[in-house]
Amino acid sequence: MSLKNDSFPSSAAFDAINSSLQSDDAERKDAVKKGNAIFAFTLKNKEGQEESWHIDLKDQGAVGKGPAPEGKKADVTLQLSDEEFGKMVAGKTQAQRLFMSGKLKVKGDVMKATKMEPVLKKAQTKAKL
């Protein structure tokens, strides 16, 4: 099942992150160990629509649609535009820079948000945005 939503071009990155996590059991376990959180992403496209995805690095090491896996709650929620998320995943900008400029809003455990960058870097090699 694809996580991509055509209204959100950068959402293809969630498929890349998921395939990166699923392709190597050792890498997935390492990502879960390092991340130890559920990360929610709420993206807003140019039309003003919002959509959410989550990356579960607490239990499963999987990516899904919605703010969190069923029956669970995200430890940290990152809100940003689809365009800025695309730039972040492509390595053209850093989360810290987006946060400082007000383009990225973080709810929840801000320190856990810093653990997301290595996972996004792995996806950079697979995502063609």
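This is a predicted model: local features need pLDDT of at least 70, side-chain atom pairs count only at pLDDT 80 or more; totals for chains, interfaces and linings use all residues.

Biologist: OK, the inside then. Which residues of the largest nonpolar core touch the most other members?

Modeller: That core has 30 residues, and those touching the most other members are Phe14, Phe39, Phe41, Ile55, Leu57, Phe85 and Met88. In general, nonpolar side chains in soluble globular proteins tend to be buried together.

Biologist: And which helices and strands supply at least two residues of this core?

Modeller: Among the helices they are α1 (12-23), α2 (25-35), α3 (82-90), α4 (95-100) and α6 (117-124), and among the strands β1 (38-44), β2 (50-56) and β4 (76-81). The largest share, 4 residues, comes from α1.

Biologist: Tell me more about α1. Which of its residues are buried?

Modeller: The buried residues in α1 are Ala13, Phe14, Ala16, Ile17, Asn18, Ser20 and Leu21. The helix has 12 residues and reaches 17 Å from its first C-alpha to its last, which is close to the 16 Å expected at 1.5 Å a residue.

Biologist: Going back to Phe85, what is it in contact with, leaving aside neighbours within four places in sequence?

Modeller: With those neighbours left out, Phe85 is in contact with Ser10, Ala13, Phe14, Phe41, Leu43 and Leu80. Of these partners, Phe14 and Phe41 are also on the list of core residues that touch the most other members.

Biologist: What about Leu78, is that one buried or exposed?

Modeller: Leu78, which sits in strand β4, counts as buried because its relative accessibility is 3%, and the cut-off for buried is under 20%. Beyond four places in sequence, Leu78 is in contact with Ala40, Phe41, Thr42, Leu104 and Lys105.

Biologist: Changing topic to charges: how many salt bridges does the structure hold?

Modeller: There are 9 salt bridges in the structure. One of them joins the side chains of Asp6 and Lys4, at 3.1 Å from N to O; Asp6 is exposed at 67% relative accessible area, whereas Lys4 is partly exposed at 35%.

Biologist: Where do Lys29 and Asp25 lie?

Modeller: Both are in helix α2, 4 residues apart, which is about one turn of the helix. As a general point, an α-helix has 3.6 residues a turn, so residues three or four places apart point the same way. Lys29 is exposed, with a relative accessible area of 55%, while Asp25 is partly exposed at 38%.

Biologist: And which parts does the pair of Asp75 and Lys58 tie together?

Modeller: The side chains of Asp75 and Lys58 meet in a salt bridge at 3.1 Å, N to O. Asp75 is in the loop between β3 (62-65) and β4, and Lys58 is in the loop between β2 and β3, so the pair ties together parts that are 17 residues apart in sequence. Asp75 is partly exposed at 21% relative accessible area, and Lys58 is partly exposed at 35%.

Biologist: Which residues are linked in a network of salt bridges?

Modeller: A network of salt bridges links Glu83, Glu84, Lys87 and Lys103.

Biologist: Now pockets. How many residues line the largest pocket, and which lie nearest its centre?

Modeller: The lining has 16 residues, and those nearest the centre are Ala95, Gln96, Ala113, Thr114 and Glu117. About 290 Å³ of space lies in this pocket. Helices α4, α5 (110-113) and α6 each supply at least two lining residues, and the largest share, 4 residues, comes from α4.

Conventions:
Residues are numbered from 1 along each chain as its sequence is written. Side-chain values use heavy atoms; hydrogens and water are left out. A nonpolar core is a set of buried Ala, Val, Leu, Ile, Met, Phe, Trp, Tyr and Cys residues joined through side-chain atoms within 4.5 Å. Buried means under 20% relative accessible area, exposed over 50%, partly exposed in between (1.4 Å probe, protein chains only). Contact means heavy atoms within 4.5 Å. The expected span of a helix is 1.5 Å times one less than its number of residues. A salt bridge is a side-chain nitrogen of Lys or Arg within 4 Å of a carboxyl oxygen of Asp or Glu. On a 1 Å grid over the protein atoms alone, a cavity is a set of points where a 1.4 Å probe fits but cannot get out, and a pocket is an open set with protein on both sides within 12 Å along at least five of seven lines; lining residues have an atom within 4 Å of a point. Grid points are joined across faces, edges and corners, and a volume is the space filled by probe spheres set on the points.
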